[in-house]
Structure formats: structure tokens, C-alpha cells
Amino acid sequence: MATAAAQESLFRRPTATTGWWSWVTTVDHKKIGILYCATAITFFVIGGIQALAIRTQLAVPNGTTLTAETYNQFFTMHGLTMIFLVVMPLGVGIMNYMAPLMIGARDVAFPRINAFSYWVFLLGGLFLYSSFFLGGAPDGGWFGYAPLSTELPGNGMTFYSLGLQILGVASLLGAVNFIVTILNMRAPGMTLMRMPVFIWMTLVTAFLLLFAMPVIAVALFELMFDRVYNANFFNPATGGDPVLWQHLFWLFGHPEVYIMILPAMGIVSDVLPTFSRKPIFGYAAIVFAGIAIGFMGWGVWAHHMFAVGLGPVANSAFALSTMFIAVPTGVKIFNWLGTMWKGDLHFDTPMLFAIGFVSMFIIGGLSGVTHAIVPHDAQQTDTYYIVAHFHYVLFGGAIFGLFAGMYYWWPKVFGKLLSEGLGKIHFWLMFIGFNLAFGPMHILGLEGMPRRTYTYPDGMGWNLWNLVSTVGAFIIAVSIAVFLVNAVLTKRKGREAGADPWDGRTLEWSIPSPAPEYNFAEIPIVKARDDFWHRKYVVKPDEQVTPVVAGGAVAAHEDEDDPGHGIHLPAPSFLPAMAAPGLPIMAYGVIYSWPLIVLGGLLLLLALFAWVLEPSEVDH
Amino acid sequence: MAKTRPAYSRNFTKRAVRGALVLLLVLIATACASSEDVPQSSLEPAGEFARAPDVLWNITLAIAAVVFVLVQGALVFTLIRFRHKEGRKAAQFHGNTKVEVALTVVPALILAGLAIPTVGTIFDLQGDPAEDVMRVEVIAHQFWWEFVYPDEGVTTANELHIPVDQEVVLELQGAATDAVDGNAEVVHSFWIPRLAGTQDVVPGHTNFLRISADDPGEFKGQCKEFCGLSHANMRVVAFSHTQEDFDSWVEEQTAPAAENASGDAGTGQEVFNEPLNVRSTVVEGGADQYACASCHSVQPGPEAQPRIGPNLTHFASRTTFAGATFENNAANLAAWLRDPHGVRPGSKMPALDLSEDQINNIVAYLQSLE
């Protein structure tokens with residue numbers, strides 16, 4: 001039977017579970033999650049180096065570190081890298097590893113598509129970066145405003161239009177995968193309102209991706225046609241309109257902000273209760289606030305366009321929607337405070353990063369409200385005030401939240417605890433460096449310094465704060481170095497974590513660390529929100545918490561005979577990694593020579609045919 | 001899983017917090033003591049159209065500051081009050097409906113309170129300007145500003161002159177194509193923070209921006225929408241004058257250009273009109289030869305042609321040149337003519353094959369154009 005199945009397929013399914021080949025063929029959500037995170041951290045370092053170069057250039061007036069050309073490429077690639085190659089995939093990586101564990105599943109719904117998403121993401125990133133060696137990187141800003149983006153010479157912005165389309169494919173597939181996984185593969189008893197907040201936020205994020213990516217795809221497609229095939233979507237001389245690009249871009253771009261921040265909010269909503277030894281405050285409110293943000297996020301895009309001249313009625317409408325999206329955001333902040341209130345707060349490193357997130361997000365949220373004051377937004381827009389604001393949200397917010405997640409779940413992934421001492425040094429250096437780097441930018445912006453300028457003259461009153469900001473940027477760099485050292489040292493001689501080092505509340509802590517390949521030897525039956533915690537403790541009516549005497553507190557053990565026997569797991573496959581290169585090959589074809597489009601298309605098509613015909617089981 | 005934190009980590013945390021606070025205080029003290037001049041600050045409005053947003057800003061900042069202190073204060077208090085101690089038991093409540101409703105409603109009310117003056121000011125600032133106010137057409141180019149005063153008959157570049165104490169309407173015309181290379185023009189944004197907030201100049205659209213200045217003075221600004229290589233070098237200066245001074249400025253600007261029959265300036269005028277070889281250009285498909293006069297007019301007024309580069313009729317009356325990037329003096333002009341793309345990347349002015357003598361002559365000529 002097995003041979004018959006094998007004959008039907010083009011390839012036998014690979015079987016290796018260790019060694020580098022196993023990483024290429026893996027469809028295990030945990031390995032894919034690690035790949036996502038490792039790739040994202042590598043890009044984080046690269047994007048960070050660009051940031052340091054930018055800050056060095058701006059440390060003093062009339063800087064000479066970078067030419068205008070390089071500066072424009074660096075700030076564009078810094079933005080693209082941090083958004084599409086760091087914050088998004090880091091969130092996706094953590095979702096990938098943790099989501100199935102937290103809902104009691106053995107894998108995601110579509111394991112091969114999951115692997116395909118990763119390879120497409122990696123190759124999309126490499127495709128974008130290859131532009132540096134092929135005549136120059138994108139240099140029209142991550143927002144790529146037309147007609148500048150259609151008129152800039154060289155292939156930089158063509159790489160932009162194609163690279164983001166490739167990355168969009170990865171995001172769309174990931175979104176479908178997570179929606180189906182979360183809706184269909186939860187363990188018995190895990191009702192929607194028993195899901196960890198992180199899972200809820202992952203679900204909302206996936207829906208946002210599903211609807212936002214097609215919008216940017218349309219815009220990028222039009223940009224590509226304008227650039228490569230002389231179309232005129234955005235050329236006013238032939239009836240096109242530059243404002244069309246802005247609407248399409250921000251209709252994607254604002255939900256994108258929530259795509260980046262919601263996973264971090266979810267992480268923090270799971271970290272705070274664990275280290276406060278308390279259930280989350282107002283679970284329903286925090287979930288509905290997340291959903292409300294997901295919906296309202298579609299109605300605020302034109303607040304990026306208050307200076308375009310849309311007229312007072314449109315500007316007023318978007319001012320109101322922008323103000324009121326602050327309400328659900330505020331609800332979350334108050335709920336996080338409520339979670340810590342009367343808790344027993346343990347300041348381990350994940351908790352520090354989560355608190356840092358809350359604290360910095362308060363600042364980013366408040367400065368966000370000030371943008372809704374349209375008449376004054378006309379002063380703030382396109383200045384360093386905006387740069388300050390969104391770094392408080394996306395670095396002080398998303399990145400701090402993602403680091404909270406990494407410190408929190410590192411022991412589950414690698415079986416060892418990151419060093420607390422180095423972790424705390426990392427946190428404090430990053431916290432101080434971050435505030436030094438981005439705090440002064442509020443002042444610089446209000447004092448009239450526009451963003452995206454490669455130089456500024458002396459005598460504008462901007463010298464001191466620019467220098468301070470640069471010092472802060474280098475302190476952040478040191479903190480990241482401490483993190484990397486911590487990761488390496490932990491691998492060599494880290495403390496063994498055990499299954500449940502933080503006294504966790506959710507299902508992932510009920511299984512051994514690192515998580516076994518099959519996740520759960522037996523699929524758990526969920527009886528409550530924070531199910532694992534309720535297996536460990538009993539709460540008496542007077543709120544006294546008592547450990548369960550026998551049985552419950554013990555995590556599932558691997559010492560059962562023949563663990564994982566008879567568990568059906570998806571077999572590894574060559575095909576995701578074989579199909580993915582088709583997309584960048586097609587993209588190079590658009591730029592250089594059309595036969596490559598055919599070649600890439602054929603590769604993709606053939607790999608997908610083989611994919612369909614692949615047997616679902618390994619030969620036994 | 002009660003864990004006691006090691007002493008070293010407690011001390012480290014304390015020291016880090018204390019160090020950060022000290023550093024912050026030192027920085028703020030330095031900033032206050034240095035009292036640098038900040039000529040482009042939105043925080044120092046100099047006319048009613050910059051003051052209206054500033055009033056809103058001050059209200060918002062005050063509210064935000066209170067909220068910031070309350071919420072961060074609550075956070076810090078919670079962290080200190082409920083930090084782990086031996087024997088502390090965490091309460092196990094799941095929420096508090098009354099508190100949750102209050103903390104949703106109160107921010108909503110504050111925001112609604114903010115929304116009222118915001119919407120009012122939006123309509124005030126973007127309302128239709130009066131018919132009888134002075135109008136100036138603003139045309140944005142890569143990377144300079146062209147100002148046309150249709151009623152006064154003035155065309156100038158990069159330096160805007162207005163009379164004090166009265167509303168001036170800027171008509172921001174987004175040209176569809178770039179005058180130099182015929183490609184689509186890009187989006188720019190006109191911004192002089194002390195006179196008004198920014199307004200984009202969008203190709204194919206016309207926007208309006210109302211400005212005014214209380215007193216005679218000089219106000220800096222610059223292009224705010226990323227527009228290419230020299231976006232940083234697309235600056236603008238506004239001068240406000242008493243009505244009398246403004247009238248005499250108009251009179252000067254509408255006069256014909258100075259005549260130069262002899263000397264360096266005379267030779268310069270000849271060079272200005274001679275076709276010269278192009279050494280390098282950022283414009284694809286440009287000609288091999290250009291005269292300065294191919295692009296720059298030395299005739300006053302809106303009808304003067306060509307209008308490809310800035311009108312130079314009264315160039316010497318300007319304090320700056322090249323998108324108000326450089327001070328208008330002989331050394332800067334010579335450097336600019338020698339290597340326009342070196343001093344200002346992406347500039348659409350071609351680098352011409354000029355000898356040092358020719359450069360000096362052109363500079364002399366330009367400086368004679370009072």
C-alpha cells in the first residue's frame with residue numbers, strides 16, 4: 001500500500017527530523033516558528049545597523065556619513081525591514097510556535113502552506129535586499145508616494161512594488177492558516193471565550209491581514225504597471241491621480257499598524273497575569289476592545305492625509321474616528337493596570353518588558369490622540385514628532401511586547417531559561433536607550449524638524465536633541481548585543497527550565513520543554529479559561545488559593561511508554577521550499593527579462609501539482 | 001512558585017532607575033540653559049493661522065499631561081505597592097464592571113470634549129477665504145518654490161514676501177508635469193510653521209493655505225513631503241513687511257532687470273545667454289547644450305518666459321538661493337555653478353562646462369541683478 005502511494009507522487013516524503021535538511025523540509029509549526037523568529041532577528045540586526053547609520057548622519061548638522069542617495073535607501077529599507085521583515089514575522093513566528101500549543105492542537109490547519117509561507121517570506125526579504133547589489137535599494141520611502149515612486153530612476157522602487165507583493169502572499173496564506181487553525185482546531189472544551197488573549201489577538205490580526213493585504217496588492221500592482229509598463233494610474237498629466245495611491249496605501253497602512261501591535265498586546269495580556277499571579281482583569285472587555293480596534297482600524301486611514309486637502313468635512317470625520325479608536329485602546333491599558341492591581345508582582349524579565357510595553361504605549365497612545373487635532377496635525381505631520389509617536393507604538397510597544405514574549409516562551413522552545421541577570425541588563429539598557437533615542441524626537445518635531453531629510457543646517461536649534469537621540473540609538477544597539485550574548489550563553493549553559501518555570505496559566509505549560517514534536521501526548525480537555533492554572537490550584541470562595549494536592553500540578557510527563565505512539569503528524573515535504581522560489585524568479589523576470597516570468601511560473605505550478613499529488617503519509 | 005530576587009538584581013534596578021532620572025534632569029537642564037534660537041518652531045506662532053492650532057495644542061497638551069501623570073502614576077504606584085514580598089497573596093478577582101464602565105466612559109467624554117473645538121477650528125481654518133484678500137500662487141518644483149503675485153505682477157522664487165497683519169491666501173498649484181523633464185511632478189508640502197500648518201501641493205490639484213504675520217520679520221520653512229534626493233534642501237523663507245515696505249518691494253520687483261553693458265557683469269550677461277556644453281545632468285534625454293537663459297528669465301512679472309528655472313530678474317535682492325538652501329553670496333554661487341549636483345544632490349539644473357572666469361562673470365552678473 002505504501003509503495004502504491006509512493007508511486008503516485010513525484011517525490012517520496014522526506015523523513016529526517018534532525019539535521020539542517022530537516023529544517024528545509026519541515027512542516028512542524030514549532031520549527032517554522034523558530035525559523036520565522038531567527039530570520040526576523042537577523043533582519044532586526046540589519047535594519048538596526050541602517051538605523052545607526054541614519055542616526056550617525058544626523059548626530060550633527062551637515063553630517064557627511066551618508067550621501068543623500070544612501071540615506072534615502074537606508075531610511076526606506078529601515079522602514080520596510082522593521083515592518084515587513086521584523087515586527088510582522090516576529091509576531092507570526094511566536095504565533096506559529098505558540099498558537100497550536102495554547103489551543104491544544106498538534107499543528108496548524110495547513111502545515112505545508114505554513115512552511116510555504118515561511119519560504120516565501122524569507123525569499124521575499126532576500127529579493128528586496130538583493131536590490132542593494134543590483135543598482136540600488138528602494139529609495140522612495142516605505143509609503144512609496146506616487147508619482148515620486150513611479151518617477152524615481154533605477155529599479156529600487158520596482159523591487160519595492162514586487163518585493164512587497166511577494167511578502168503579501170506569505171502574509172495572506174499565513175492569515176488563512178491561522179484563522180482556520182484557531183476556529184477549527186481548538187481542544188475540546190476551549191470555547192472562544194476560554195481562549196488565551198494572545199490567541200484572540202492572533203485571530204483579529206489574521207483577519208486584518210486577510211482584508212488589508214489585497215488592498216496594498218492592488219496599489220503595488222498599479223505601481224508596478226506604472227513603472228514597468230508605462231501605465232498611468234498615478235500620473236495626473238494623463239488622468240491618473242496621486243491621491244489614489246495615498247488612499248489605497250493608508251487603507252492598508254493603518255490596519256497594518258494594528259497588525260503589528262495586536263500580537264504584542266496579546267502577549268502582554270498573557271504575561272501580566274502570569275507574573276501578577278492573578279487572572280486577567282476584564283477578559284471580555286480586553287477581547288472586545290481588540291475586536292473593536294480591528295473594526296475601527298478600517299475607518300481612520302485618512303488621518304495620514306490631513307494635509308492632502310480632502311476638505312473640512314472629511315478631515316473632521318477622520319478626526320472623530322481617530323479620537324474614538326483611543327477608547328478601546330485605553331480600555332486595554334486600564335485592564336492591564338487592573339490585572340496588576342492587588343497582584344503579587346514578580347519582576348522577572350518577561351514581566352519587565354511587558355510593563356515597559358504598557359508604560360511606553362501610554363505615551364504612544366497619548367501622542368496618537370494629539371494627531372487627531374487636525375489643525376495641529378498640520379504642524380506635526382511629516383516631522384520628527386510623528387517619528388517619535390510611531391516608534392513609541394511600534395518599538396516601545398510592539399518590540400517590547402515581542403521581547404516579553406521571547407523571554408517568556410524561550411524556556412518552552414529551547415528548554416532553558418535565558419539568564420535573568422543579562423535579561424535585566426538588556427531591558428534597562430533598551431528602556432533607557434529607547435527613551436533617549438525617541439523621546440527628544442517629540443521636541444525636534446515640534447521645533448520644526450521634518451522627517452526624511454538627510455541633513456539639516458546649523459542654527460535651527462536642533463543640534464542638542466539630535467545628538468542625544470543618536471546616543472540613545474547606540475545604547476539600544478548595545479542592549480540588543482546583550483540579548484544576543486544571552487541567547488548564545490543560554491544555549492551553552494543555561495538553566496534547565498522544566499515544563500512550567502513561570503507558574504504558567506495556559507496549556508503550553510502543561511507539556512514538557514522543549515515541546516515534543518507531537519505537542520500533546522493526549523489532547524487536553526479544557527474546562528476553564530486559564531485551564532492549566534485551574535488544574536494546579538483551587539480558589540476557595542474567600543479568594544484563598546490552594547495548590548491541588550495531588551496530580552493536577554504535575555505537567556504531562558514524557559516518561560510514558562513510547563510517547564507519541566500512534567499520533568498522526570503531518571510528514572515533512574520538499575515541496576513548500578521548492579515552490580516558493582517561483583515567486584521571486586517571476587519578480588526578477590518583471591524587472592529583467594520576461595522568460596524568467598514563465599520559468600518562475602512553471603516552477604511554481606509544477607511544484608504545486610506535485611504538492612497536490614503528494615501522499616499524505618510517510619512510508620512506514 | 002515564590003522566588004526571592006537576588007540582591008544584585010534589586011540593586012541594579014535601583015541604580016539604573018536613579019541613573020536614568022539623573023541623566024534626564026541633566027539633559028533638560030542643558031536644553032533650557034542652551035536656549036538655542038529655534039527659527040522654525042511650531043511652538044512660537046507669529047500669526048493668527050498658526051495661533052489657532054497652537055491654542056488647540058496647548059489645551060490637548062495640558063489634558064494629555066494630566067492623563068499621563070495619572071496613568072503612569074497609577075502604574076508606578078501599582079508596581080511598588082504590589083511588588084512581590086514574602087507572604088503576599090494575589091487577589092483573584094476577574095474584573096469590576098463599574099470601574100470598567102467608568103474607565104471607558106470618562107476617556108470617551110474627554111475625547112468628545114476635545115473634538116468640539118477641533119472640528120470648529122478645522123472649519124475656521126479651511127473655510128472659504130474672503131474675496132478681497134491678497135493671493136499668491138505657489139508652484140512647487142523639484143526642489144524649489146515659485147511664487148507668482150498675479151495682481152502685483154511679481155514672479156519670484158523661494159522667498160515669499162507678504163504685508164503684515166492681513167490674511168494672504170496661498171494658492172498651492174500642483175503642476176501635473178515637471179517643467180524640466182516633462183515627467184509627472186511629485187507631491188510637495190508647503191510649510192512655514194510660525195505662520196501656518198502644512199498644506200500639500202498635489203499634482204493635478206489646487207489647495208489653499210491662509211497665512212498671516214503679526215509683525216515684520218523673517219520666517220523659515222521647508223518642504224515637508226518627501227520629494228526626492230534634495231527634499232532636505234527644499235527650503236523657503238517668508239518676509240513680512242509693513243504695508244509701505246511691501247509696496248516698495250513690489251515696486252522693485254516689477255522694475256526691469258538692471259542693464260549691464262560692461263565689466264565682469266557685462267561679460268557675465270553674455271555668458272548667461274550663450275549655449276554651453278552640459279557636463280552632467282540628472283535629466284534623462286536632455287539636450288547637449290543649454291544657455292542659462294534657456295531656463296531662467298530676467299524679465300519681471302508672471303508673463304515672463306521661460307519659467308523652467310527660477311526667475312532671476314531681481315536675484316540679488318534675495319538673501320538665499322537654490323531652494324533657500326544657500327546664503328546668496330559670491331562664494332556659494334561659484335560653488336553652485338561649479339558643481340550643482342555636488343552641493344545639492346538631484347538638482348535639476350545641469351552642470352555646465354564653465355571655466356573659472358565664466359563662473360566669476362556669471363556671479364558678477366547675478367549679483368548685479370538688484
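Keep in mind that the model is predicted.

Start with the interface. Here 87 residues of chain B are in contact with 87 residues of chain A. By class, the side of chain B that touches chain A divides into 45 nonpolar, 32 polar and 10 charged residues.

Now stay with α3(B). A helix of chain A, α11 (residues 312–324), packs against α3(B). The angle is about 160°, and the axes are 10 Å apart. Angles over 145 degrees count as roughly antiparallel, so α11(A) is roughly antiparallel to α3(B). Left-handed or right-handed crossing? For α11(A) and α3(B), it is right-handed.

Who meets whom? From α11(A) we have Pro312(A), Asn315(A), Ser316(A), Ala319(A), Leu320(A), Met323(A) and Phe324(A). Facing them from α3(B) are Leu111(B), Leu114(B), Ala115(B), Thr118(B), Val119(B), Ile122(B), Phe123(B) and Gln126(B). The contact of α11(A) with α3(B) has 11 nonpolar residues, 4 polar ones and no charged ones.

Next, the backbone. Two cis peptide bonds in chain A deserve a look. One joins Ala146(A) and Pro147(A), with omega about 0°. Pro147(A) sits in the loop between α5 (111–130) and α6 (148–151) of chain A. The other runs from Ser513(A) to Pro514(A), with omega near -15°. Where is Pro514(A)? In the loop between β2 (495–496) and α18 (531–536) of chain A.

Last, positive phi. Arg277(A) is not a glycine, yet its phi is about 55°. Arg277(A) lies in the loop between α9 (242–276) and α10 (283–296) of chain A. Buried or exposed? Arg277(A) is buried, because 24 other C-beta atoms lie within 10 Å, and 20 or more is the cut-off.

Ala322(B) belongs to the loop between β13 (320–321) and β14 (326–327) of chain B. With 24 other C-beta atoms within 10 Å, Ala322(B) is therefore buried.

Technical notes: Residues are numbered from 1 along each chain as its sequence is written. Chains are lettered from A and ligands numbered from 1 in the order in which they are written. This is a predicted model: local features need pLDDT of at least 70, side-chain atom pairs count only at pLDDT 80 or more; totals for chains, interfaces and linings use all residues. Two residues are in contact if their C-beta atoms, placed from the backbone, lie within 7 Å. Ala, Val, Leu, Ile, Met, Phe, Trp, Tyr, Cys and Pro count as nonpolar, Asp, Glu, Lys and Arg as charged, and the others, Gly among them, as polar. Helices (H or I, at least four residues) and strands (E, at least two) are DSSP runs, numbered from the N terminus. A residue is buried if 20 or more other C-beta atoms lie within 10 Å of its own, exposed if 12 or fewer, and partly exposed in between; C-beta atoms are placed from the backbone. Axes are lines fitted to C-alpha atoms, for helices over the stretch in contact, and angles run from 0 to 180 degrees between N-to-C directions. Angles under 35 degrees count as roughly parallel, over 145 as roughly antiparallel, 65 to 115 as roughly perpendicular and the rest as oblique. A crossing is left-handed if the near helix is turned anticlockwise from the far one by less than a right angle, and right-handed if clockwise.
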